[in-house]
Each structure stands twice: as structure tokens, then as C-alpha cells.
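Hi,

Here is the structure I promised to pass on to you.

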Amino acid sequence: MEEMVRLSLLCVLFSLMGLVVAQGSKPLAALLAAAAGGFVLWRALEMGGQLAERVRRITSAAGLDGTLLAPVVKVLGIALCARLSAELCRDMGSRWAAGAVELFGVLASAVCMLPLLEEVLKTVGSI
């Protein structure tokens, strides 16, 4: 919770600095935004690693097969990637590219979830 607040404040501060700097130098404002975004992305990747390790421990302790959880993790990754990419496209003024990325993300998620759906249907069919 505390880290989320700190990172949010950092982004707001960098955004305000970017607004002020943009009046004199748009490239410098873009660099400030990239620096803030890069730092937050770096922390998010670290947190994602911690999350993956914790999920591995929980599934092994519960005796669950990791292959059943893999589609869920893949869809989460696709959703995060699509969201980030779409927002970047929108920020650069390309709404059509953002929509295309989001559409592809939805379709890619559906394809990744098919093995899990098949497994659920097999399980329901065997009851």
C-alpha cells in the first residue's frame, strides 16, 4: 500500500514537472515522463516476480498442477501488455492503434484460455 502511494505521488510529481518543462522543452518533458514510467515499470516487474514465486509456492503446497494455472497467468500478462500498449498509443494520438491492440489482447486471451476451458469441460463431463 505504502509503495503504491509513493509511486503514485512520484508519477504525479513528474507529471507536474513535465507540464512546467513542456512550455520550454517538449523533449525534456517526454524524457521526464519516460523516466517516471520506466521506474514504475521496473518496480512492477520486480513485484511480478514476487507474485509469480508466491503463486508457485501456493500451488505446490495445495498440490495443484501448474498447467491449470498457466492460462490464467498468461491472460494476466496479455491484459497488462495490451493495456500498457493501448495507453501508449492513445498518448501518442493513435486511437485506432490502441483499439487494435485491445482487440488483439481480447482474442489472444480467449485463445490462451481454451486449454483451461477444455479441462473444465472434461471435468464436468466426467462427473
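This is a predicted model: local features need pLDDT of at least 70, side-chain atom pairs count only at pLDDT 80 or more; totals for chains, interfaces and linings use all residues.

Residues are numbered from 1 along each chain as its sequence is written, and side-chain values use heavy atoms, with hydrogens and water left out.

The chain has four helices and zero strands, with helices being DSSP runs of H or I of at least four residues and strands runs of E of at least two, numbered from the N terminus. The C-alpha trace spans about 70 × 35 × 15 Å along its principal axes. Buried residues (under 20% relative accessible area, 1.4 Å probe, protein chains only) account for 17% of the 127 residues.

Now for the largest pocket, which holds about 1,600 Å³ of space. A pocket here is an open set of points on a 1 Å grid over the protein atoms alone, where a 1.4 Å probe fits, with protein on both sides within 12 Å along at least five of seven lines; lining residues have an atom within 4 Å of a point. The volume is the space filled by probe spheres set on the points.

Of its 40 lining residues, Val 40, Leu 41, Ala 44, Leu 80 and Leu 84 are the closest to the centre. Two or more lining residues come from each of α1 (2-22), α2 (26-62) and α3 (66-91), and α2 gives the largest share, 17 residues.

Best wishes

Note on methods. Buried means under 20% relative accessible area, exposed over 50%, partly exposed in between (1.4 Å probe, protein chains only).
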